[in-house]
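Please go through the structure below with this briefing at hand. The points are grouped by topic.

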Amino acid sequence: MNKVVQLGYLAFEVSSLDAWRAFAENTLALSFGELLPSGGFTLRMDAHPQRFIVEPGPLDDVSAIGWQVADRDALERIAASIPEHVRGTPAECAARKVQALIKFQDPSGTATEVFWGPVLAGEPAPNPLLRSRFVAGDLGLGHVVIGADDPARTIAFYREVLGFRLSDEIRCRYFGHDVDIAFFHVNGRHHSLAIGQRHGKRIHHFMLEVASIDDVGLCFDRALRHNVPIAQTLGKHPNDRMFSFYAHTPSGFQFEFGHGGRVVDDADWQTTTYDRISIWGHHPPIVFAPREARQGKQP
Ligand SMILES: [Fe+2]
C-alpha cells in the first residue's frame, strides 16, 4: 500500500555551519532559505519550504529524515502502527513548516519523521550557478542512502509499515568489501531510499538530481574549484541509470549529484539483483595516482 509519497526533507547536525553554507550555495547550487534561531539555516530547491535543515552540533550526520504522506488519514494509519511514536508539538510542526508530524526511530535508530501538508512557498530565488533546475517536486528532494545495524529488520519496517516498494538490489565485492544494498521507491523516482550495512555514520550519502547533464559537469567543476574531496568520479549506475559523481560534504558523509535517473512504473516493474555498482566510472580518485601508489587499491 502506498503510504509515504516522497522524501520531504533531510535535517543534518553539522560542526561547521560556515563551511556548510558555503558548500551548499557555491558547490551544490542550492538556494538559501532562512536563518534559524539555533544559528543554523534551511536550504531550498523547489516550492517546498525547506528541503534541508542544517543545525549546529557535533554529530556531523543526519539528525532527521522527513517522509511525506498524502494526508492526515495516511499519517494516522502510520501512527497507529508505530506505538512508540511521539507527536510533533505545534512549535515543532511550525519549525518544519508542515501541518502535522510524528517522530520515531527506525529499527536501526535513525531519527525519522513522517508528516503531511508541507506549507508550500513558491519557487525560491534560483541559484545563478544552476543552468537547468533540480528534479524534485512530487518526486521528492532526491534520495538518501543509510546504513542499518540490522538491515533485514530495518528493510522489513520500511516495506511493511511505511509502504516502501523494492526497486532492486546490488550485491557485489567492491574494494575488498561485500556490498549488499537494497533500493526502494515511493513514487516514480527509482529510489528515494537505499539501505546497506552501517559503517560509521547513519547516512552514507544523499542525492540531488538536476535536469541537464551540463549541470552535473558544472557541479563537478565547482567541487574541484572549491577543494571538495571527490569520492567517486563521473559514472553511471546499472539500476537507476543515473549519470553522477560523488564527493564529500563538510561533515564527511557524501553527496551524489546526478542527471537522468530512471522512472519506475509499478504496473510493469520487475525487481532485479545487479552484480556491480556501476556500468562504468564511479572510480575513486586513486585511479589518477601513479601506478606504484595504486597497487592493491583498484578493484
Ligand atoms: Fe545514490
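**Briefing: surface, fold and iron site**

The protein chain exposes about 13,100 Å², of which carbon and sulfur atoms supply 53% (Shrake-Rupley method, 1.4 Å probe). This is a predicted model, in which local features need pLDDT of at least 70, side-chain atom pairs count only at pLDDT 80 or more, and totals for chains, interfaces and linings use all residues. Residues are numbered from 1 along each chain as its sequence is written, and side-chain values use heavy atoms, with hydrogens and water left out.

**Fold**
- The protein chain holds 18 strands and 5 helices (DSSP runs: E of at least two residues for strands, H or I of at least four for helices).
- The radius of gyration, taken over C-alpha atoms, is 19 Å, close to the 19 Å that the globule rule (2.2 Å times the number of residues to the power 0.38) gives for 299 residues, so the chain is as compact as a globular protein of that length.
- Of the 299 residues, 55% are buried (under 20% relative accessible area, 1.4 Å probe, protein chains only).

**Iron site**
- The iron ion has the protein donors His-143 (NE2), His-205 (NE2) and Glu-256 (OE), at 2.0 to 2.1 Å (donors are N, O and S atoms within 2.8 Å of the metal, or 3.2 Å for Na, K and Ca).
- His-143 is in strand S9 (residues 143–148) and Glu-256 in strand S16 (residues 254–259), so this pair ties together parts 113 residues apart in sequence.
- His-143 counts as buried at 1% relative accessibility, and Glu-256 is buried with a relative accessible area of 1%.

Key:
Buried means under 20% relative accessible area, exposed over 50%, partly exposed in between (1.4 Å probe, protein chains only).
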